[in-house]
Amino acid sequence: MLCYIGQVSLYCFLGAAAPFLVSLMCNYHRFQFYGSFYLLPIIYFLLINAIVGLVYKKNTYKIAVRSVNLGFLLALGVYIRLVAPDHIQIFGLYMCTMSIFHYSEFLCMANIQPKLVSADSFVINHSVQYTIAALTSWVEFFVEAYFFPDLKTKFWLSHIGLVVCIIGELLRKAAMLTASSNFNHLVQCEKVEGHILVTHGVYSIFRHPSYVGWFYWSIGTQVILLNPLCIIAYTIASWTFFRERILIEEIMLLNFFGQQYCDYQEKVRTGLPFIDGYKI
């Protein structure tokens with residue numbers, strides 16, 4: 001059963017997304033003619049955040065407000081995809097993808113690691129580099145949308161990026177759920193009691209399926225946005241990040257499991273191109 005804080009987050013996420021989406025679906029044609037294209041989402045955003053601030057306090061508020069805003073982001077993404085000009089619509093798909101990824105990170109952790117789950121489990125503030133990368137992609141998108149609007153209307157290519165994101169997302173979440181209590185967002189330096197080496201399910205295909213999923217998901221987000229520069233930059237940056245991360249993690253895993261992990265390395269690849277990990 002989902003823990004209390006997980007239930008709160010789910011109610012907040014769905015509670016923020018559902019009313020806006022239902023209203024949009026029921027009044028789709030009217031929305032296209034409202035002069036309040038920007039005003040309507042702003043009012044709704046302020047309203048739901050005010051409600052959360054009144055209902056929840058302290059640590060619960062930190063979880064609730066992030067969940068509400070990610071739910072709003074999902075609804076806003078659908079709104080933009082349906083109502084915005086053609087060359088902006090794919091940004092709505094991107095917003096939906098980001099919303100679902102970050103909320104599902106938290107929800108999975110609330111399910112498999114309820115004692116460790118926190119506001120950081122959304123991995124929204126993953127790192128300074130992650131934030132800079134996101135901001136850079138937004139700048140590229142809007143600059144190119146302004147000067148080269150036709151570039152942002154290749155919907156068939158953007159949808160390929162969406163499929164890549166969905167596959168990456170499913171692989172990562174399958175890895176988290178398969179590892180269960182053995183999964184952690186942070187590389188562990190000490191072996192905790194009950195920590196076992198997971199080698200079944202998606203771990204029988206890749207040694208690091210959660211990283212494989214995240215790697216392709218990150219590239220897919222830029223294909224959705226049709227950002228040619230960031231597709232290249234994200235590929236290089238993500239590959240470099242995961243190469244270093246896997247190197248550090250495998251040193252720890254070899255210390256934890258010794259020969260058992262060596263045997264696992266011989267049978268199963270990392271899953272990321274040209275990354276072999278750390279081998280003795």
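**Exercise 1. Where is Lys 58 placed, what is its phi, and is the residue buried or exposed?**

Step 1. Lys 58 sits in helix 4, where helices (H or I, at least four residues) are DSSP runs numbered from the N terminus. The model is predicted: local features need pLDDT of at least 70, side-chain atom pairs count only at pLDDT 80 or more, and totals for chains, interfaces and linings use all residues. Residues are numbered from 1 along each chain as its sequence is written, and side-chain values use heavy atoms, with hydrogens and water left out.

Step 2. Phi of Lys 58 is near 55 degrees, which is positive in a residue other than glycine.

Step 3. Buried means under 20% relative accessible area, exposed over 50%, and partly exposed in between (1.4 Å probe, protein chains only). Lys 58 has a relative accessible area of 73%, so this residue is exposed.

**Exercise 2. Describe the surroundings of Pro 19.**

Step 1. Pro 19 belongs to helix 1 (residues 4-26).

Step 2. Its relative accessibility is 42%, so Pro 19 counts as partly exposed.

Step 3. Leaving out residues up to four places away in sequence, Pro 19 touches Leu 14 and Tyr 44; contact means heavy atoms within 4.5 Å.

Step 4. Pro 19 and Phe 72 are 53 residues apart along the chain, and their C-alpha atoms are separated by 9.8 Å.

**Exercise 3. How do domain 1 and domain 2 divide the chain, and how many residues of each are in contact?**

Step 1. Domain 1 covers 1-124 and domain 2 covers 125-279; such bounds come from an automatic or database domain assignment.

Step 2. Taken over C-alpha atoms, the centres of domain 1 and domain 2 are 24 Å apart.

Step 3. In domain 1, 26 residues are in contact with 33 residues of domain 2.

**Exercise 4. What lines the largest pocket?**

Step 1. A pocket is found on a 1 Å grid over the protein atoms alone, as an open set of points where a 1.4 Å probe fits, with protein on both sides within 12 Å along at least five of seven lines; lining residues have an atom within 4 Å of a point. The largest pocket has a volume of about 950 Å³, a volume being the space filled by probe spheres set on the points, which are joined across faces, edges and corners.

Step 2. The lining has 43 residues, and Phe 183, Asn 184, His 185, Leu 186 and Val 187 are the closest to the centre of the largest pocket.

Step 3. Helix 9 gives the largest share of this lining, 8 residues.

Step 4. The lining of the largest pocket divides into 23 nonpolar, 14 polar and 6 charged residues. Here Ala, Val, Leu, Ile, Met, Phe, Trp, Tyr, Cys and Pro count as nonpolar, Asp, Glu, Lys and Arg as charged, and the others, Gly among them, as polar.

Technical notes:
Helix = DSSP H or I, 4+ residues; strand = E, 2+ residues; numbered from the N terminus.
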